[in-house]
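Q: Hey, I've just opened this one up for a first look. Can you walk me through it?

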Amino acid sequence: MTRFLARIVFGALGLALAAYLLPGVSYSGIVDLLIAALLLGIVNAILRPILFVLTLPLTVITLGLWLLVLNAAMIGLVAWLLPGFTVTGLVAGLLAAIITGVVSWIGAIVIGDAKKV
C-alpha cells in the first residue's frame, strides 16, 4: 500500500514539475494534483495497454516515438476528466508526458522493486 501511495506522490511531483516548467499545464490545488496522478495511474493501467496493442504498427513504423503521443493522450484524457487539471495543446502534453515519465522513472528507482525483498 505504501508503494502505491509513493507512486502516486511521484506521479504528482512529475505533474507539478510539468506545471511549473510548462505554460500550457496547470492545476488548481494539491488535491487536484493528487487526483490527477491517481487518474493517470488508472488510465495507464487500463486504457494504455489496449491502445498500445491497437497502435502497435504505428509504434513500429515511428520507431517508438508514437508512445510519446500515446502518453500525451493519456495526460490529455486526465485533463479532460478532471476540471482542476488542464493541459492546453499537443506540445504541452508531449513535454508533460516526458517530464512526468522521467520523474516517475526516478521514483521507481527510489522506491525499488518489490520482488527483491
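Q: What handedness does the crossing of α1 and α2 have?

A: The α1/α2 crossing is right-handed, meaning the near helix is turned clockwise from the far one by less than a right angle. Bear in mind that this is a predicted model, where local features need pLDDT of at least 70, side-chain atom pairs count only at pLDDT 80 or more, and totals for chains, interfaces and linings use all residues. Residues are numbered from 1 along each chain as its sequence is written, and side-chain values use heavy atoms, with hydrogens and water left out.

Q: OK, and at what angle do the axes of α1 and α2 cross?

A: Roughly 115°, with the axes of α1 (residues 2-21) and α2 (residues 30-54) coming within 8 Å. That makes α1 roughly perpendicular to α2 (65 to 115 degrees counts as that).

Q: What about α2 and α4, how do their axes cross?

A: At roughly 135°, and they come within 9 Å; α4 covers residues 66-81. So α2 and α4 are oblique to each other, and their crossing is right-handed.

Q: Switching topic: which helix gives the most to the nonpolar patch?

A: Helix α5 (residues 90-111), with eight residues. The patch has about 960 Å² of accessible area together, and its members include L65, L68, W105 and I98. Patch residues have over 30% relative accessible area and no salt bridge, and nonpolar side chains are joined within 5 Å.

Q: Where does I98 lie?

A: In helix α5.

Q: And how exposed is I98?

A: I98 is partly exposed, at 39% relative accessible area, because that term covers what lies between buried (under 20%) and exposed (over 50%), with a 1.4 Å probe and protein chains only.

Methods. Patch = residues over 30% accessible without salt bridge, like charges linked within 9 Å, V, L, I, M, F, W, Y side chains within 5 Å. Areas by Shrake-Rupley, 256 points an atom, 1.4 Å probe, with all protein chains shown as cover. Salt bridge = Lys/Arg side-chain N within 4 Å of Asp/Glu carboxyl O. Helix = DSSP H or I, 4+ residues; strand = E, 2+ residues; numbered from the N terminus. Axes fitted to C-alpha atoms, helices over the stretch in contact; angles between N-to-C directions. Parallel < 35°, antiparallel > 145°, perpendicular 65-115°, else oblique.
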